[in-house]
Amino acid sequence: QVQLVESGGGLVQAGGSLRLSCAASGRTFSRWVMGWFRQAPGKEREFVAANNWSDGITYYGRSAGRFTISRDNSKNTVDLQMNSLKPEDTAVYYCAADIRRTTGVSRAEEDYDYWGPGTQVTVSS
């Protein structure tokens, strides 16, 4: 059973930074595509970033250039460094694992098998 737990959310002023972390259980973490999604109030869940360590593929959503995804396979963690935050970045951020994909990265939430409970990020203006 795969379990994902996010941490690092909170309240920050516009222009500030936050670093989210996701801790995963599972012995084959390095083979998984790990992604971050977010959902703002009244909106659909949105792809933020994802990484496939096996082939080195990383994709970003609209936050490209401000957010950076990284992972530590020795610790089973994947982080999301968020810089130059804007009020429109306010959302619940979710960590997700696609354990079946062998190459590339999917931006579609239906392709991810496991999800964390989410962590709230609030950016004040």
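1. Let's start with a charge over a ring: R45 lies over the face of W115, with 4.4 Å to the ring centre. Please keep in mind that this is a predicted model. R45 also sits over the face of Y94, this time at 4.2 Å from the ring centre.

2. Both of those rings belong to one aromatic cluster, made up of F37, F47, Y94, Y112 and W115. Across the whole structure, a search turns up six aromatic pairs. Take F37 and W115: their ring centres are 5.0 Å apart and their planes meet at 55°, so this pair is tilted. Because F37 lies in strand β4 and W115 in strand β10, the pair ties together parts that are 78 residues apart in sequence.

3. Are these two residues buried or exposed? F37 is buried, at a relative accessible area of 1%, while W115 counts as partly exposed, with 26% relative accessibility.

4. Now to the strands. Strand β9 (residues 91-98) is mostly covered, with seven of its eight residues buried. Strand β4 (residues 33-39) runs antiparallel to β9, and seven bridges join them. Within that pairing, M34 has A97 of β9 as its bridge partner.

5. β9 also pairs with strand β10 (residues 114-115) in the antiparallel sense, over two bridges. Here A96 stands opposite W115 of β10, the residue whose ring face R45 lies over.

6. Finally, three bridges join β9 to strand β11 (residues 119-124), again in an antiparallel arrangement. A91 has V121 in β11 as its bridge partner.

Technical notes:
Residues are numbered from 1 along each chain as its sequence is written. This is a predicted model: local features need pLDDT of at least 70, side-chain atom pairs count only at pLDDT 80 or more; totals for chains, interfaces and linings use all residues. Side-chain values use heavy atoms; hydrogens and water are left out. Buried means under 20% relative accessible area, exposed over 50%, partly exposed in between (1.4 Å probe, protein chains only). Helices (H or I, at least four residues) and strands (E, at least two) are DSSP runs, numbered from the N terminus. Two strands pair if DSSP finds at least two bridges between them. Rings of Phe, Tyr and Trp (its six-membered ring) pair if their centres lie within 6.5 Å; planes under 30 degrees apart count as stacked, over 60 as edge-to-face and the rest as tilted. A charge sits over a ring if NZ of Lys or CZ of Arg is within 6 Å of the ring centre and within 35 degrees of the ring normal.
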